[in-house]
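Trainee: I'd like to go through this model with you and learn what stands behind the words we use for it. Could you bring it up first?

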Amino acid sequence: MASTTPKEGNDPHGEGRWISMHQRFVTETRDAEPEVLWVGDSLIQNLFNSRIWDTSFCLMHSLNFGISGDRTENVLWRLQNGELENLSPKMIVLSVGQENYGDTPEKIAEGLQAICSLIRSKQPQAFLIVLTLLPRGSPDSPLRTRNVKVNEMMAEYVKGNSRLQLVNIDTGFVQVDGTISHHDMFDYMSLTQKGYSKAFEPVNELLTQLLQEMEGEVGRTEAEGSAD
């Protein structure tokens, strides 16, 4: 139930950082005109400081609404409380669920699906891209197994939906012996610069392709209009 019940983020130290970030995001919706909106947890927040953000995603007119530590219910709350207003992005990229400690794979998948439904209802023009949960920890980590199951359920969920795609960002992080290199994830969970480049290259390729196709459709429509 918790994974699909909207809830404000935790503020364990009484600093108000989470709500301050949310309020800043809401303010940004009033002025920004992004083509790509990024929503999620620390994977999205820290993407902002990566090289691939500077060299690729920033050039796509991206807006980053990532908050470290967010669970699916926190993202639901944010999106229900202003972060999807005033905007009309062409694409929305979602990554959350890694922080849903204590939840079963089924509950995490339900939370992700609830977010997808909300995004589709509030931003029907946007192509929605959901990222798989990355492997983490040691080879026998129960959280690694949990993430695999979530990914399998989400793969089934997106089948047959032409406006929703699941992108596998595990581009070979697990080595032959089952371990993860610290060159890719310095703490065996968080991506390094190298890790970000590896994980997000498939996303970069898809976004580039979609933007080109959308621009082509606009060009054809304008040409047809002028011909009339």
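Mentor: Here is a conversation about helix packing, pockets and backbone angles. This is a predicted model, in which local features need pLDDT of at least 70 and side-chain atom pairs count only at pLDDT 80 or more, while totals for chains, interfaces and linings use all residues. Residues are numbered from 1 along each chain as its sequence is written, and side-chain values use heavy atoms, with hydrogens and water left out.

Trainee: Why are α1 and α4 called oblique to each other?

Mentor: Helix α1 covers residues 17-29, and helix α4 covers residues 72-80; helices are DSSP runs of H or I with at least four residues, strands are runs of E with at least two, and both are numbered from the N terminus. The two helices pack at an angle of about 40°, with their axes 10 Å apart. Axes are lines fitted to C-alpha atoms, for helices over the stretch in contact, and angles run from 0 to 180 degrees between N-to-C directions. Angles under 35 degrees count as roughly parallel, over 145 as roughly antiparallel, 65 to 115 as roughly perpendicular and the rest as oblique. The pair α1 and α4 is therefore oblique.

Trainee: Which residues make that contact?

Mentor: On α1 they are W18, I19, H22 and F25, and on α4 they are N74, W77 and R78. Contact means heavy atoms within 4.5 Å. By class there are 4 nonpolar, 2 polar and 1 charged, where Ala, Val, Leu, Ile, Met, Phe, Trp, Tyr, Cys and Pro count as nonpolar, Asp, Glu, Lys and Arg as charged, and the others, Gly among them, as polar.

Trainee: What makes α4 roughly parallel to α5?

Mentor: The axes of α4 and α5 cross at roughly 15° and come within 9 Å. That angle makes α4 roughly parallel to α5. The crossing is left-handed, a term for a near helix turned anticlockwise from the far one by less than a right angle, with right-handed used if clockwise. Residues on the α4 side include V75, L76 and L79, and those on the α5 side include I108, L112 and I115. The contact has 9 nonpolar, 3 polar and 1 charged residues.

Trainee: And is the crossing of α5 and α6 left-handed or right-handed?

Mentor: The crossing of α5 and α6 is right-handed. Helix α5 (residues 105-122) and helix α6 (residues 142-158) pack at about 40°, with their axes 9 Å apart. That angle makes α5 oblique to α6. Among the residues that meet are A109, L112 and C116 in α5 and V150, M153 and Y157 in α6.

Trainee: What is the volume of the largest pocket, and what lines it?

Mentor: Its volume is about 340 Å³, and 16 residues line it, with N10, P12, R17, W18 and S68 nearest its centre. On a 1 Å grid over the protein atoms alone, a pocket is an open set of points with protein on both sides within 12 Å along at least five of seven lines, whereas a cavity is a set where a 1.4 Å probe fits but cannot get out; lining residues have an atom within 4 Å of a point. Grid points are joined across faces, edges and corners, and a volume is the space filled by probe spheres set on the points. The lining divides into 4 nonpolar, 7 polar and 5 charged residues.

Trainee: What makes H61 and Y188 worth a look?

Mentor: H61 has a positive phi of about 60° although it is not a glycine, and it sits in the loop between α3 (51-57) and β2 (62-66). Phi of Y188 is near 65°, also positive in a residue other than glycine, and Y188 lies in the loop between β5 (164-167) and α7 (193-227). Most residues other than glycine have a negative phi.
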